[in-house]
Amino acid sequence: MDEKFEMKLEESCLPLIGSGEYIMKAQVDGDILGKSDWVEEHFYIDGPRFWLGEGEIVSVYPGSGMRGSFGDSFAHVIFGRRTLPWERSIEPEKKGRFYAKQEEAPSREPSWLTVLLLRDEEIVNPASGTVESVIKCATDTFVPQLSLEEAEKAEECSYIDLPREFFLELVPSVRELALLSHARRVEPEGKVNNAVSGEEWVSAVVGNRLPASGTEGVRNRAYLVSLEGYGDCWETLKNAKHEKVRLLVLHSWEFYSVTEPLHFLELCGKLDMNRFCVRPEAGTEHYREIVENGYLPMVHSFREGSSTVSFYRGPLVPKCIEKSKPQENGSAVWCQDALYRYDPEIGMFDISYAAAWQLGRLLALGNQAAAGQVQKLRSASKRHLQKQQESEMRKNAGIRACTPDGTEADISAGAWLLQILNQEGGNLL
């Protein structure tokens, strides 16, 4: 591919105005008109806090229910809005932050969200309840002190309670939180599942713990939790008497991590390279020239069942090659068989272009956006053909009749009956 796709990373992407209640006041102050009364408007900016709306999460990794080699991958969440991880603060006294220009926003701002990973024997099923009851102070459980709006008290939320020592060991510190989140700007053309042009902003929150793996697959569960209001409570909890720490859960999913018996380098080391080696000194001079240009003789099966040996060359070649000229008639290629090249001097086919065409077709059909466009094109062509058939049927169903000026013309059966009815004064009996 000749196209170049760029991606820009931002350490943090603060909103221009934070969530919370605001008051806007206005007054006309003029020399001639005099001063008017103050006009006051109250409005509230509502952002995700105790639960996430549909569509806020674009994707999670590893995917929910997936089984694979994830032992060296951190679980993470991708959000469709670039400011979401910084729309609230982990500091309890900060209700909202806003900046006139995004360039003036501080870097390495900690996110109020983080991803916690619990392994099979540590997994806790989230409980649920109203927000007011969940964050209510308890003697043995540490809960952050959050100021609630009246409407938020009755909202449903999910939570987990972790042992205090486990919390201090597992949850990242304030300094680490700033390194476990970022915003990124990507060009959708560079994504295989997106065909929309332009730029797209997303944000990511990454966990800080690797999954447990085993030969049969070990269950792991990732939790997207809120740290709003926790501040720098790690020092406080070290000497606190609380036995547990409560965390609000906004999303959770499970996956299974499997230990691969062999790594990639070990698999490459065990490849049988003799299958890809040929001896260019054998055969005619033309044959040796073909082999030196990167071609390999391969067993080739035809559609009717017969087989032969044909030459194939992959995209990685040892020499520079000239770009092939387009077909003279400019017609499209509808199957890979049209791209076979026959060399009469040695009596063998070159199937390189045919294999590349087939591979390109499979990749295109595997692209969700491309497959959708193909389906739309097929549906549009089908509708066009149906209209043509209906038009042809109506034309064939027409009747040859005389027009008022004496000439003959094709008219439909319904128009012919209406013409007879008018001629008979509206009465056919």
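Helices (H or I, at least four residues) and strands (E, at least two) are DSSP runs, numbered from the N terminus. The structure described here is a predicted model, in which local features need pLDDT of at least 70 and side-chain atom pairs count only at pLDDT 80 or more, while totals for chains, interfaces and linings use all residues. Residues are numbered from 1 along each chain as its sequence is written, and side-chain values use heavy atoms, with hydrogens and water left out.

Proline 62 is placed in the loop between strands β6 (57–61) and β7 (67–68). The peptide bond that leads from tyrosine 61 to proline 62 is cis, with omega near -10°. In general, most peptide bonds are trans.

The chain as a whole contains nine helices and 22 strands. Of its 429 residues, 30% are buried, where buried means under 20% relative accessible area, exposed means over 50%, and partly exposed lies in between (1.4 Å probe, protein chains only). Contact is defined as heavy atoms within 4.5 Å. Among contacts between residues at least 6 apart in sequence, 70% join residues at least 24 apart.

Strand β9 (residues 113–119) is largely enclosed by the rest of the structure, because six of its seven residues are buried. Two strands are taken to pair if DSSP finds at least two bridges between them. Strands β9 and β15 run antiparallel and are joined by seven bridges. Within this pairing, leucine 116 has tyrosine 223 of β15 as its bridge partner.

Arginine 221 also belongs to strand β15, which spans residues 218–226. With a relative accessible area of 12%, arginine 221 is buried. Its side chain takes part in polar contacts, each being a pair of N or O atoms within 3.5 Å; within protein, one atom must be able to donate a hydrogen and the other to accept it, and residues adjacent in sequence count only if both atoms are side-chain atoms. Another, of 3.2 Å, joins the side chains of arginine 221 and asparagine 125. When residues up to four places away in sequence are not counted, arginine 221 touches Leu116, Leu117, Leu118, Ile123, Val124, Asn125, Pro126, Trp253 and Glu254.

Rolling a probe the size of a water molecule over the atoms shows where empty space is left. On a 1 Å grid over the protein atoms alone, a cavity is a set of points where a 1.4 Å probe fits but cannot get out, and lining residues have an atom within 4 Å of a point. Grid points are joined across faces, edges and corners, and a volume is the space filled by probe spheres set on the points. By this rule there is one cavity of 30 Å³ or more. The largest cavity holds about 70 Å³ of space. Its lining consists of Val134, Ile135, Val143, Pro144, Leu146, Ser226, Glu228, Tyr230, Arg246, Leu247 and Leu248. Strand β16 (residues 244–257) supplies the largest share of this lining, three residues. Eight of the lining residues are nonpolar, one is polar and two are charged; Ala, Val, Leu, Ile, Met, Phe, Trp, Tyr, Cys and Pro count as nonpolar, Asp, Glu, Lys and Arg as charged, and the others, Gly among them, as polar.

Threonine 141 lies in strand β11 (residues 141–142) and is buried, with a relative accessible area of 6%. A polar contact of 3.4 Å links the side chain of threonine 141 to that of aspartate 140. Apart from neighbours within four places in sequence, threonine 141 is in contact with Asp161, His242, Lys244, Val245 and Arg246.

Further sites bring together residues that are separated along the chain. Glycine 229, in the loop between β15 and α4, is buried, with a relative accessible area of 10%. The C-alpha atoms of glycine 229 and arginine 88 are 9.1 Å apart, although 141 residues separate the two in sequence. Lysine 238 is part of helix α4 (residues 234–238) and is partly exposed, with a relative accessible area of 48%. Its C-alpha atom is 8.4 Å from that of arginine 164, 74 residues away along the chain. Leaving aside neighbours within four places in sequence, lysine 238 is in contact with Arg164 and Leu168. Isoleucine 23, in strand β2 (residues 20–26), has its C-alpha atom 4.6 Å from that of histidine 42, 19 residues apart along the chain.

Definitions and conventions:
1 Å grid on protein atoms, 1.4 Å probe; cavity = no way out; pocket = protein on both sides within 12 Å on 5 of 7 lines; lining within 4 Å.
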